[in-house]
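User: Hi! Could you walk me through this one?
Analyst: Happy to, here it is.
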Amino acid sequence: MKRPDALPTPPRVADRLLSWFVAPHLREEVLGDLHEEFAWQVARIGERWARWRYWWDVLGFVKPRFIRRLNPKYSTPNPTDMLRTYLKIALRHLVKNKGYSAINIGGLAVGMAVAMLIGLWMYDELSFNTYHQHYDRIALVMQQQLEAGQIATNNATPMPLEATLRTEYGESFKHIVLASWTGGHILAAGDKKFTETGNYMQPGVPDMLSLKMRKGTRDGLREPASILLAESVAKAYFGEADPIGQLMQLDNKLDVRVTGVYQDLPANSSFRDLQFIAPWDLYVNSKDWLIKSKQLWDNNSFQTYVQLADNVDMAAVSAQIKGVKRAHVDAKLAQQKPDVFLQPMSRWHLYSEWKNGVNTGGRIQYVWLFGLIGAFVLLLACINFMNLSTARSEKRAKEVGIRKAVGSVRTQLISQFFSESLLVVTLTFVLALLSVQLLLPAFNEIADKQLTILWSSPAFWLLSLGFVLLTGLIAGSYPAFYLSSFQAVKVLKGTFRAGRFAAVPRQVLVIIQFTVSVTLIIGTIIVFRQIQFAKDRPVGYSRAGLIMLGMTQEDVHAHFATIRTELIQAGAVAEMAESGSPATGLWSTQNGFSWRGESTDEQVGFGTIFVSHEFGKTVGWQFNAGRDFSRAYATDSSAMVLNEAAVRFMGLKNPVGTFVKWEGKSWKIIGVIKDMVMESPYEPVRRTVYMINNGSGNVVTLRINPNRNVPGALSTIEGVLKKYAAGIPFDYQFVDQAYAQKFGDEERIGNLAFLFAGLAIFISCLGLFGLASFMAEQRTKEIGVRKVLGASVLNLWSLLSRDFVLLVVIAFTVAAPTAWYFLHNWLLKYEYRTTISWWIFAASGVGALLVTLLTVSFQSIRAALMNPVKSLRSE
Amino acid sequence: MALHLISKSRANQYCMKRTYLGEFEEVVLLTAAVLALQDQAYGVAITHEINEQTGRAVRLNQIHTALQRLEEKGMVSSHMGDPTAERGGRRKRLFTVTAYGQRTLQEIQTVRTTLWDRLLAPLIPTLSV
C-alpha cells in the first residue's frame, strides 16, 4: 500500500535491471544519481513523465564502460594454482637436495621394481593353465595305493580305467582322454627330421584343451592316421606351404597325415611342450604290449584326463569314482588299496606334492615365499622413503613457520606435504616401470618364464595406482600431520626443538629393515649351503664324459655289438651300454620280490633296472662286495646286482650268493654296489636291483674316451651311429648336465633369494647412508664444539656410528631366531639336508655390522674431519 | 588495479603531449571546477548546471562517461560523499579538479586568450575608425 505522503519511487524493474547490468563498483553512485534526478524530475514534470524519463536514463547506461566489471584487486586463485605451487616447491626441493633425492627415489624405485617383478611372476604362477577355457572343469585322474606302508600318489593309471569310467560313470564326464606321456619323438617330413615333443592322445583332447585351430578342425584327430601340429612346428617343417594333408612319419615307422594346426600353447600351461598330438589308437595298435595292457589293471603306465560334464561337482565326482579300480582288480592287487580321485587342473601346477596320501602343497609355497619377500623388499623401500622424507622434512620446520605466519591453514600444509610425497612416488613409479621393462629379459632368464608387463590389464594399473597412493600417503603422513602442528612463533624464534623421541619411530623402522635384511642373508646362505651339500653328495658313479641317447634306439640295439666295437676301436668311447633307465632317473618300480628272512608279506616295490653287461663299466659304479655282470658267466642272465639301500632294506648279512625270488624265477645276488644317486639328490637312494636284459633298453649310455677331446669323439660317434641307425637324429645329453638340472629349482630359488637379499641390503644401506648424512648434518655444530674442546676423529666417529651399530645389533637378535625357525622348517622338507650351524648366524651378523659401519663411516668420518672453524662460523 | 595503473600511465602519456580535451569534456571539467567550490561536483548537479548554463539537453550517462574519462586522465579525483534521502540512502561520488586539471584549464584559457588577443588587436583600430 502506497502511503500518500511517501515519496514517489522510480520503477523498481528499471532499478533491478540496472543493478544487474551495471558493474558493482559503479552501482551506488549511478543508482544514487538516477534516484536524485528522478526526484528532481518528479517535481519538474510529474511522476508519470519522470518514470518514462527514468527508463530512458537507465537505458543510457547500457554501455560497455558501465557494464565492464572491475578487475579484482586481489587474485582469486583456483585450487589447482595452489597445487601447482606445491609441485613447484617440491621439485625445487628435489633439485636442491640432489643426493637425498637420488637415494630416496632410487631406493624406492628399486623396491617397486622388485615388487613388480615378483608380482608379475606370482601372477604368472597363479594364472597357470587358465589359457584353457574349461580350466575349472578339467581334471587329471590320479591314484593312491599302499607301497611299503606308505600311501603313494601317482598320476599313472591303468588303461582299462578309461573304458570303465566311460561305461560306468559316463554321464559325469564330457570328455575322457587317455594319453601317453609327453616326450620326444622323431618326426619326419620329406628330408626334414627333428625330435619334437608330443603325445598320443584320444580325440577328445582338442576340445577339452580348447585348442585354437589355425588350420583344419578339432575333429582332425578322429581320422585314423592323423596328426595335429603346433603352429611353430608346422612352420618349421612346411614353411609357408599349407601343411594340411601333408605326409609325415612318426618315430620312423608310423605314417601320418597332418589334419590340423593349432596355436602354440603358452609357456604357463601344463601342456606347453605339446608340440604335436597323434591319435591314441595309432599308438596302441603299434605295439603288442600296449594291446595287452588294455585288459591289465596293474600296468599303471598311462595318463587319464577328464573334463567334467557341465552340471556336476568336481569333489562329488571324485568321491564317486574313488573305488572304481578296487571293484575290478583281484584280491592281490586290492591289498594295495588303490583309490582313484580327481586332481583339478587349477591344482596341477601349484599343489603337486604328496606325502603319504596327503597333499603337501608344492610350488604354491614358493609363490607365497616370494610374495612375502617381495612385500618385504617393498616394505624396506617404503621405510627408507619415509625415514628420509621425515628426516629431511624436519629441516623444513622454518618453512612451515613462515607459511603459517603468512596465513597458511593447517589443511593447506597437510595437502602440500601430501602432494609432495605423491609427486615423488609417481616419479618413482615411472622409473620402476622403466627398469622393470629393461630387467624383464634377464629376469625371465633366471626365473625360466616368459613374463611381460601387463600394459593392457586394468587390474595392473589399478593395483599400481593404489600402491602409489598408499605409499605416497604413508610416506607423507609424518610431515603432513606432525610438522603442520608446529607453532609458528616457536619455530621462527628458533626455540623449536624436535622432541627427544622424534627419532624413535625412525629407529624402529631401521630395526625392521635390518631384521628383514639379515633374515634374508641367513636364508640365502642356508639355501646355497643346502644346494652345495646335495651337490657334494657322493653319487656312486662317475659322471665325467658320460653321455646318453635318450630314445628307444632299436636300430642301435640291432647293431649294438658292431657299433660298440667300432667306436671303441676308433678310440671315441671307453665303453657303452644299454639300460632301462638313464643314469639320472629311475623309471621302473616293480613288486613281487621275495627272499629268505623277509619280514613282511606286504607288496614292496624295488627299483628295477635292466641293463646290458657293460652298464656297470660304462657308468663306473663301485662295488662293496661281489662282482659285476660278466659275459663270461652264462648264469648271469639270472643274476642280480643290488645297491646298499636294497641290502639294508632286506636285512641281509651276507648278500652275495643269496637267492631272490621274482616272477617265478630264482635270481642270485652276485654283487652289491655303493648307492647310485639316480633320482633327487635330496632324497635317500631307493632300493634298486639291476638285472641283465638283452632286449632293447630305453637309453644308450656312452663314456667318451678320456684321452680324446669331446667334440672329436662326438663327431666320430655321430658318424658311426648314422651308418647303422640312419633314421635317428643324434640327440645326446651329457649326464653331468642332466644331473645338474636336478638342482634347477633349488638353484633358481637360491639365485632369486640371493638377488632379493642383495637388493634388501642395498636398499637398507641406502636408507642408512641418507640417515647418517642427515644426522651428521644436524650435529655439525655439536661436532665443531667437540672438536674445539679436543675430541679426536676416532671419538667423533664412534659417537656418530654407535647409534646405528646398536640398531643393527638389536635387529640381529630379532632376525636370528626368525631365520632359524623358517629355515629349519624349510630344511625338514629334504631327507638329505645340511645342518644349520652357528657360524652362518655369526657371519651374517658380522657382515651386516661391517656393511653398516662402512656405510655410516663414510658420513661420520667426513663430519669428524670437518674444520670446526667452518661449522661454527655461521653462529 | 591493473586497469588503474594502465590508465595512469596513459594519463602521463597525454601529459607529455599536452592533453587534448574534447569540447564536452572541457565543459564538464569546467563545470566540475565551479561546483567543486561548494563541494557539489557530482553527476546530477553537473548535469543540471550544464543544462542551465548551456541549454544543452545532456543525459546523465554522458556526464558519468566524461567524468570517468577525466578521472582516467588524472584531471579530476573523486571520493564518496554523504548519503541523502532522495538518493535512497546512497552516497554521491564527489569530484575535485586536480592540479593537473586546473593547469589544463588554465592552458586552454591562455591559448584562447592569446588567440583572442591576436584577433582583437587588429580589429580595434578598424572599429575605432
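This is a predicted model: local features need pLDDT of at least 70, side-chain atom pairs count only at pLDDT 80 or more; totals for chains, interfaces and linings use all residues.

User: Which residues of chain A does UniProt list for "transmembrane region"?
Analyst: The unreviewed UniProt entry includes 504-528 and 804-824 among them; positions use the numbering here, feature names are shortened, and annotations may be inferred rather than shown by experiment.

User: How far apart are the end C-alpha atoms of 504-528 in chain A?
Analyst: They lie 36 Å apart, and the span is 100% helix. Residues 804-824 of chain A are also 100% helix, with ends 30 Å apart. Helices (H or I, at least four residues) and strands (E, at least two) are DSSP runs, numbered from the N terminus.

User: Switching over, what order do the elements of chain B run in?
Analyst: From the N terminus, α-α-α-α-β-β-α, which makes five helices and two strands.

User: Is A:Asn129 buried or exposed?
Analyst: Buried, because 23 other C-beta atoms lie within 10 Å; the cut-offs are 20 or more for buried, 12 or fewer for exposed and partly exposed in between, with C-beta atoms placed from the backbone. A:Asn129 has a positive phi of about 70° without being a glycine.

User: And B:Asp39, buried or exposed?
Analyst: B:Asp39 counts as exposed, because it has 12 C-beta neighbours inside 10 Å. B:Asp39 sits in the loop between helices H2 (23-36) and H3 (43-54) of chain B.

Definitions and conventions: Residues are numbered from 1 along each chain as its sequence is written. Chains are lettered from A and ligands numbered from 1 in the order in which they are written.
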